[in-house]
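User: I would like to go through this model feature by feature. Please give the general idea each time, then the case here.

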Amino acid sequence: MILKNTWYVACTPDEIAEKPLGRRICGEAMVFYRDGEGKVAALEDFCPHRGAPLSLGRVVDGKLVCGYHGLEMGCDGKTIAMPGQRVRGFAPIRAFAVEERHGFVWVWPGEAEKADRAAIPDLHWANNPEWAYGGGLYHINCDYRLMVDNLMDLTHETYVHATSIGQPEIDETPCVTRTEGDEVITSRFMNGIEAPPFWKMALRGNNLPDDQLVDRWQVCHFTPPSHVLIEVGVALQGHGGYDAPDDKKASSIVVDFITPESDTSIWYFWGMARHFQPQDAALTASIREGQGKIFSEDLEMLERQQKNLLAWPGRKLLALNIDAGGVQSRRVIERLYAAEQATAGEAVSA
């Protein structure tokens, strides 16, 4: 159940800095590169001559050159030339709608003519000097919806991330889930608690004491097709918690862009946008390293979970109150998927 007429993060700009990048997204084999003007292009990763992956080629003067026999492709998917051959009659390959924005390359795997560039998420922190960002990429063998479930129910932190961000108060504090249109929001506020190790490090990074009680918050925002942004932070107790002034808290947004590769594998673009000490490059590196270790713990759990679900496809799973964020997110996906399929069916019948 993968939506296609929507935007996904395909890669980061550095991944296509030197050569074409081949990546399967939503079951579609794609190749990403820059044209002669430096603009990102995305084509089907299939040479029309002998079917070789175009991602094994190179870019010459803005043209994608196949690494097998030198066939040249244009950004529109049309064959331009081939040494010693006439190829103008070759049928074009598929070109995908693509856009570089907010430090990411976004792709629309569905019908290119339906691509709405205004629908790319507005990341207010991405180009703001008061914020710093550090992140990475994991390939994980799991259904993308399992990762959405994971991020919309943070009670697992107490167990999976016990040495970094987990603490018993997460289990003990109920969360509140609500849906606003296509957005699902799950909130948890914990007051008067000890900060876990990761957040003690963040407090020190913002020149705050790490031995005082804090108010902690987690506000998870799911938006389709599979984006989860989580407002997180701690503030010294008694200063307003979530609304505390910047000099009394360490606050961030955990960035989770989940891009399906197949039904059981994903490209997981993770990161943290930080709203304190943005000029401190060493702090950015330290937080990125710590967060990378945290997400690596999720990786093992999700891959093993996926294997179990494939091994026992008929087993019924329990649904608890803590699952509300994931359940509501899946309902949004199901509704949009049904609408997309209905539209596709109407087009075929017409």
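User: Which residue in β10 does Cys11 stand opposite?

Analyst: Strands of a sheet pair through backbone hydrogen bonds, either parallel or antiparallel. Here Cys11 stands opposite Val105 in β10. The model is predicted, with local features needing pLDDT of at least 70 and side-chain atom pairs pLDDT 80 or more, while totals for chains, interfaces and linings use all residues. Residues are numbered from 1 along each chain as its sequence is written, and side-chain values use heavy atoms, without hydrogens and water. Helices (H or I, at least four residues) and strands (E, at least two) are DSSP runs, numbered from the N terminus. Two strands pair if DSSP finds at least two bridges between them; β1 and β10 (residues 104–108) have 3, in the antiparallel sense.

User: What is the strand order of the open sheet with β1, and which strands are its edges?

Analyst: The order is β1-β10-β9, with antiparallel pairing. β1 (8–11) and β9 (97–101) are the edge strands, each pairing on one side only.

User: How is phi read at His102?

Analyst: Most residues other than glycine have a negative phi, and most peptide bonds are trans. His102 has a positive phi, near 60 degrees, and sits in the loop between β9 and β10. His102 counts as buried because its relative accessibility is 16% (buried is under 20% relative accessible area, exposed over 50%, partly exposed in between, with a 1.4 Å probe and protein chains only). Asn207 also has phi near 60 degrees, but counts as exposed at 63% relative accessibility. Asn207 is in the loop between α4 (197–205) and β14.

User: Where is the cis peptide bond?

Analyst: It joins Pro224 and Pro225, with omega about 10 degrees. Pro225 lies in the loop between β14 and β15, and the hairpin joining these two strands runs through 3 residues.

User: How many bridges does β15 form with β14 and with β16?

Analyst: β14 (residues 214–223) is joined to β15 by 10 bridges, and β15 to β16 (residues 249–262) by 9. Both pairs run antiparallel. In β15 (residues 227–236), 8 of the 10 residues are buried, so this strand is largely enclosed by the rest of the structure.

User: What is the reach of helix α5?

Analyst: An α-helix has 3.6 residues a turn, so residues three or four places apart point the same way. Helix α5 (residues 281–311) has 31 residues and spans 45 Å from first to last C-alpha, close to the expected 45 Å (1.5 Å times one less than the number of residues). Its buried residues include Leu283, Ile287, Gln291 and Ile294.
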